Amino acid sequence: MIREVCSLGRAEFDRPHTDGGDPDAARLLVRGLRAVGPDGPPSDISPSLDLLAPRAPYFDRLVLDAVTAGVPQVVDPGAGYDDRALRFRTPGVEFFDLDLPDVIADKARRLEATDTAHLTLVAVDFGTDDVAEVLARAGHDADRPTLFIAEHLVLFLEPDDVERLITATSGRAAPGSTLAITAETHPTALDSDLVVSAVDELMFGGAGPLRTIRARDAWLALFDKAGWRVEDADEVTAVDHFELPVSGEVVGIRTQFLTATA
Ligand SMILES: C[S@@+](CC[C@H](N)C(=O)[O-])C[C@H]1O[C@@H](n2cnc3c(N)ncnc32)[C@H](O)[C@@H]1O
């Protein structure tokens, strides 16, 4: 459902595109798509627009700048119905959209009548698959620079899988590569497991889809360990996501935008 909200929400915005790109790609991809809540009725996407409003231009700008600068590969783990491969279509640039098999199959169906010669749709499960191997099999070239973008993904993965993903991208990142993700953060003093279980219990009644929330320092340490360098680590680009009580205190969870170079 969140996947649908993201793509339906982005289709509401006026966004840039390349000369060869398709400005209607978002609308094409969401045709007939509905955001349906767990209990059935269509969900109101308007509250999510505030979260998407800074996120969409942040990632659009990264992709536009990369393809303009001649970065030849864009890898989008957890792409969902992201339209950037079509919106920013550029001669000489290969896009790789990665997602779960059923999502990839549906995306392929939606794009049947579209020129996707520059796009490889890759079925993967970040919980079980070796992402480096999957990328190699898909034709990704680890000797050429890549922009990796993971927008609103790692929040939904288990911490170990996030670490494996970030390490795998680093292993396939030639000099000149960049990794950009959204990372949910909590105040430094709190224990991450406690925060995630409070979110799970209070917001989702124990069935929560949100699995990885860390302090900013822990995110930075993870990037560093994997070989990704966050420039301007003191400069925080973030949007407030939600608040909840943890151990008797109201805690703000923020979505931070982390961009790092290989
Ligand atoms: C919230 S959506 C965001 C989609 C897209 N990045 C966007 O901003 O529109 C998260 C995406 O991650 C994918 N995803 C979640 N867990 C995954 C997993 N274990 N393996 C592969 N993809 C996964 C979901 O299917 C979904 O498309």
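**Exercise 1. The site of the ligand**

Where does the ligand sit? Locate the ligand in this predicted model and describe the space that holds it.

*Solution.* 
Step 1. The ligand is found in the largest pocket.
Step 2. The volume of this pocket is about 1200 Å³. Its lining consists of 43 residues, and those closest to the centre are Met-1, Ile-2, Arg-3, His-152 and Phe-156.
Step 3. Next, consider the elements that form the lining. At least two residues each come from H1, helix H3 (46–69), helix H8 (192–204) and strand E7 (238–246). The greatest contribution is that of H1, which provides 6 residues.
Step 4. Sorted by class, the lining of the largest pocket comprises 22 nonpolar, 8 polar and 13 charged residues.

**Exercise 2. The shell around the ligand**

Determine how many residues surround the ligand and which element supplies the largest share of them.

*Solution.* 
Step 1. The ligand is surrounded by 19 residues. Arg-3, Arg-10, Gly-78, Asp-99 and Glu-151 are the closest.
Step 2. Helix H1 (residues 2–10) supplies the largest share of this shell, namely 4 residues. H1 also gives the most to the lining of the largest pocket.
Step 3. The classes in the shell are 10 nonpolar, 4 polar and 5 charged residues.

**Exercise 3. Polar contacts and cover**

Identify polar contacts between protein and ligand, taking 3.5 Å as the limit for a pair of N or O atoms. Then state how much of the ligand's accessible area the protein covers.

*Solution.* 
Step 1. Begin with a side chain. An N or O atom in the side chain of Asp-99 lies 2.6 Å from an oxygen atom of the ligand.
Step 2. Turn to the backbone. For Glu-151, a backbone N or O atom is 2.8 Å from a nitrogen atom of the ligand. For Phe-126, a backbone N or O atom is 3.0 Å from a nitrogen atom of the ligand.
Step 3. On its own, the ligand has 590 Å² of accessible area, of which the protein covers 92%.

**Exercise 4. The second largest pocket**

Describe the second largest pocket by its volume, its lining and the classes of its residues.

*Solution.* 
Step 1. Its volume is about 340 Å³.
Step 2. The lining of the second largest pocket has 15 residues, with Tyr-58, Glu-231, Asp-232, Leu-258 and Thr-259 nearest the centre. Two or more residues of this lining come from each of H3 and strand E8 (249–261).
Step 3. By class, there are 5 nonpolar, 4 polar and 6 charged residues in the lining of the second largest pocket.

How values were computed
Residues numbered from 1 in each chain as written. Predicted model: local features only at pLDDT ≥ 70, side-chain atom pairs only at ≥ 80, totals over all residues. Heavy atoms only, no water. Near = heavy atom within 4 Å. Polar contact = N/O pair within 3.5 Å; in protein donor to acceptor, adjacent residues only side chain to side chain. Areas by Shrake-Rupley, 256 points an atom, 1.4 Å probe, with all protein chains shown as cover. 1 Å grid on protein atoms, 1.4 Å probe; cavity = no way out; pocket = protein on both sides within 12 Å on 5 of 7 lines; lining within 4 Å. Sits in = over half its atoms within 2 Å of the grid points. Nonpolar A, V, L, I, M, F, W, Y, C, P; charged D, E, K, R; others polar. Points joined across faces, edges and corners; volume = space filled by probe spheres on them.
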